[in-house]
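Hi,

Here is the structure I promised to pass on. Have a look at it first, then read my notes below.

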Amino acid sequence: MPELTASLGHRYFQETKLARNGPQVQRRPEIARTEPFKTYPEAEKIALPRDWPATEPDLAALLQQRRSLRKFTDQPLSLAGLALLLWSCQGITGRAGSYLFRTAPSAGALYPLETYLAVERVEGLAPGLYHFDVQGFQLERLRTGSLGAELAAACIGQGFMARAAVNFIWTAIFRRTMAKYGHRSFRYICLDAGHLCQNLLLAGEAQGFGGCPVGAFFDGEVNGLLGVDGSEEAALYLASLGGRG
Ligand SMILES: Cc1cc2nc3c(=O)[nH]c(=O)nc-3n(C[C@H](O)[C@H](O)[C@H](O)COP(=O)(O)O)c2cc1C
């Protein structure tokens, strides 16, 4: 099947296989490390509460009812509810030496992903673009004003995103993982992103909010909205979340 084997994705997969006595695809020490956490020191900070709502259904019920949702009610999310969602994706839950472990696993505990929020309806939070400061457990306001419509357009016109209470946008800072795992890193970074998104969707379900993952977007447009360069840091994955009705 030459049309499959000649494809870029297939070649990447083949050339990043680990094998005994094979090429060292995991080792690229010439890629310099970078900071494990990103913050915007100049940005206004919004503290996130930790008194989030108790959630009722058991795990099996949440898994059973999760379905990608593309029709949302106007119900706003509480700030505590949003805090629970962020904690579920990237909350710090343990320490071993200099490693700060989190709710979702990450290859090598390197945590290459950053979370940005396009907020539309969250109580006590003006619509706008925010960055999640993982270590400080706070939001950093990057821009005010609704950007749901702009974001939906940048995601190949997926209109449901404009009607979400909040859109999560995950970027990767590739160097964090690549400095250790070299060519194989892109596999790991994408796997990391899947963990975050499922945690988000389950934490949403537990609060009566449904969501939809989004992988189809015009890369340059989403990177442009966030103000990231698309090379050192680039948008990788998104998810819309809103009331289930
Ligand atoms: C990596 C990935 C990318 C996706 N991208 C989109 C997308 O851009 N737009 C969309 O409407 N759904 C998207 N989805 C949702 C899938 O269509 C959905 O998960 C699938 O149909 C299974 O349905 P379920 O999630 O309700 O179980 C994506 C899902 C994944 C895992």
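**What I found**

R50 lies over the face of F137, 4.2 Å from the ring centre. A charge counts as sitting over a ring if NZ of Lys or CZ of Arg is within 6 Å of the ring centre and within 35 degrees of the ring normal.

Before going on: this is a predicted model, where local features need pLDDT of at least 70 and side-chain atom pairs count only at pLDDT 80 or more, while totals for chains, interfaces and linings use all residues. Residues are numbered from 1 along each chain as its sequence is written, and side-chain values use heavy atoms, with hydrogens and water left out.

**Aromatic rings**

Rings of Phe, Tyr and Trp (its six-membered ring) pair if their centres lie within 6.5 Å; planes under 30 degrees apart are stacked, over 60 edge-to-face, and the rest tilted. That rule gives 10 aromatic pairs. One of them is Y40 with Y116, an edge-to-face pair at 6.4 Å centre to centre with 80° between the planes. Y40 sits in the loop between α2 (8-15) and β1 (44-47) and Y116 in strand β4 (residues 113-119), so to speak distant parts of the chain, 76 residues apart. Helices (H or I, at least four residues) and strands (E, at least two) are DSSP runs, numbered from the N terminus.

W52 is partly exposed at 23% relative accessible area, whereas F137 is buried at 6%. Ring pairs join W52, W87, F132 and F137 into a cluster.

**Strand β4**

Back to the strand that holds Y116. Here 7 of the 7 residues of β4 are buried, so the strand is largely enclosed by the rest of the structure. In a regular strand the side chains alternate between the two faces of the sheet. In β4, L113, T115, L117 and V119 point one way, and E114, Y116 and A118 the other.

Which strands pair with β4? Two strands pair if DSSP finds at least two bridges between them. β4 runs antiparallel to β7 (residues 166-173), joined by 7 bridges, and A118 stands opposite N167 there. β4 also pairs with β5 in the antiparallel sense, over 4 bridges, and L117 has Y130 as its bridge partner in β5.

**Helix α7**

L196 is in helix α7 (residues 185-205) and is buried, at 6% relative accessibility. L196 touches C89, Q90, A104, L113 and W170, leaving aside residues up to four places away in sequence; contact means heavy atoms within 4.5 Å.

**The whole chain**

The chain has 8 helices and 9 strands. Of its 245 residues, 48% count as buried. Among contacts between residues at least 6 apart in sequence, 76% join residues at least 24 apart. Along its principal axes the C-alpha trace spans about 55 × 45 × 40 Å.

Cheers

Terms used. Buried means under 20% relative accessible area, exposed over 50%, partly exposed in between (1.4 Å probe, protein chains only).
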